[in-house]
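Thank you all for coming.

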Amino acid sequence: MTTLLKQVLKHQVYPAMGCTEPVSVALCAANASALHKGPIKKAVVGVDSATFKNGLGVRIPNTNGEKGNLLAAALGLLTAKPKLGMEILKGVSASVLRKAKKMLADKAVTIKVKNQKGFYIKTEILFEDGYKTKAVISGCHTAVTYLEDNGRVLIDAKPEVKTGKSEGNFKKLLAKSSLADLVREAQNADEEDLAYIKEGALMNLAAAKKGANLKKVGFYLSELVKLRMLDKNLINSAKILASQAADARMDGIAVPVMSSGESGNQGIVAVLVPYHVGKCLKIKEETILRSIALSHLLNGYVKAFTGDLAPICGCAIAAGVGASAAIVYQQKGADLKAITLAINNIISDIGGMLCDGAKSGCALKVVSSVDSALRAAFMGVNHYGITEVEGFIGKTAEATIQNLSRISTVGMVKVDTTIVDIMKSKTK
């Protein structure tokens with residue numbers, strides 16, 4: 001039987017090398033270019049505004065610090081290995097990078113921001129011999145929903161059926177679930193699920209070790225501890241560890257992380273934080289892994305309402321909700337009141353944090369998320385928290401999350417457009 005947890009682990013929790021938006025751009029380009037051999041005359045890439053936003057300022061793996069969706073697309077065109085999935089950029093060599101840069105210099109690759117709702121990437125290629133191919137990834141980072149080979153349509157599927165008829169739309173199932181349902185899913189995780197979750201925790205720990213060598217956010221937090229301006233304790237060690245992993249990703253280090261909600265930074269918060277806290281507090285490993293299962297489910301649940309790429313920061317808020325609930329679960333088990341209060345606490349605290357694209361500054365938001373998640377969890381464990389009498393907090397965790405979604409999708413409808421306009425003006 002395919003459980004909801006298994007569907008979430010399959011479609012939203014996978015290894016990714018580099019920021020997932022430009023990687024998905026590369027993957028889309030690779031799907032189109034793999035259909036035909038021969039020199040490319042011109043390629044046009046269209047992306048939704050949020051994908052444009054997330055690919056503008058983040059470094060691309062194996063490029064010596066280069067940035068941008070346009071370069072990612074060129075690398076995907078040249079690599080042409082869609083079977084590598086979200087690790088497609090690990091195949092980039094120095095010669096491929098040189099060829100990609102020449103394509104950009106020759107203006108053989110262009111990019112356009114599409115007025116498209118939801119996650120959307122389209123690649124159209126004209127080869128020098130006149131052959132044409134087209135690929136579309138939409139709905140999620142890995143779902144090829146349209147594929148055309150010189151006029152012959154190979155795939156034409158709506159995003160909502162990408163998971164297959166036998167599995168149904170797991171995002172709709174998530175949205176219909178209650179907090180109690182998600183806790184039960186985590187408690188019923190089997191050995192295969194738990195082994196995969198542990199693999200992700202170890203993968204993200206390895207990424208943090210790579211990030212520790214960078215003089216970025218994690219480094220400077222460590223320096224503050226050495227200078228005794230920050231205490232050496234569990235909260236600060238969790239912030240340092242998570243920020244080091246985010247530093248590695250945003251700097252384009254060629255190391256994979258296990259994503260959550262199709263986002264690497266969300267995977268760092270949703271996985272690494274409860275794993276580190278559980279280990280430090282000597283929680284039984286099986287309990288830690290089940291708590292991370294809950295973290296993945298809740299991260300996906302929040303995004304089922306706010307959308308894949310929302311105006312609010314997913315790595316801070318959605319993943320922070322998951323991490324906070326996971327830490328409560330480690331201490332109190334299926335105490336729904338305690339978990340609800342923790343969720344209310346973190347959303348009340350950082351629910352309005354904006355997303356202005358993937359970049360080095362994401363590590364700062366990760367730090368804020370970890371700090372808030374641990375504080376929210378501790379208060380929740382002690383049955384203290386923000387209730388429905390305050391602000392936009394609802395009577396239930398589900399209501400609070402749905403209220404947050406309303407603020408994000410209705411109240412902040414012009415935020416993304418404004419941020420993207422500012423970013424576009426800088427590219428000129």
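This is a predicted model: local features need pLDDT of at least 70, side-chain atom pairs count only at pLDDT 80 or more; totals for chains, interfaces and linings use all residues.

Let me go through two of the cysteines, since a disulfide here would require a pair of cysteine sulfur atoms within 2.5 Å. Cys-140 takes part in no disulfide, and the nearest cysteine sulfur to it, which belongs to Cys-28, is 12 Å away. Is Cys-140 buried or exposed? Cys-140 is buried, its relative accessible area being 4%. Cys-355 is likewise in no disulfide, with the nearest cysteine sulfur, that of Cys-313, lying 6.0 Å away. Cys-355, too, is buried, and its relative accessible area is 13%.

As a reminder, rolling a probe the size of a water molecule over the atoms shows where empty space is left. In this model, one cavity of 30 Å³ or more is found, and the volume of the largest cavity is about 330 Å³.

Which residues lie nearest the centre of that largest cavity? Of the 35 residues that line it, those are Asn-54, Ser-263, Gln-266, Gly-314 and Cys-315. If you look at where the lining of the largest cavity comes from, at least two residues are supplied by each of α2 (20–33), α10 (234–250), α11 (264–280), α12 (285–306) and α15 (362–381). Sorted by class, the lining of the largest cavity consists of 15 nonpolar, 12 polar and eight charged residues.

I will stop there and take questions.

Notes:
Residues are numbered from 1 along each chain as its sequence is written. Side-chain values use heavy atoms; hydrogens and water are left out. Buried means under 20% relative accessible area, exposed over 50%, partly exposed in between (1.4 Å probe, protein chains only). On a 1 Å grid over the protein atoms alone, a cavity is a set of points where a 1.4 Å probe fits but cannot get out, and a pocket is an open set with protein on both sides within 12 Å along at least five of seven lines; lining residues have an atom within 4 Å of a point. Grid points are joined across faces, edges and corners, and a volume is the space filled by probe spheres set on the points. Helices (H or I, at least four residues) and strands (E, at least two) are DSSP runs, numbered from the N terminus. Ala, Val, Leu, Ile, Met, Phe, Trp, Tyr, Cys and Pro count as nonpolar, Asp, Glu, Lys and Arg as charged, and the others, Gly among them, as polar.
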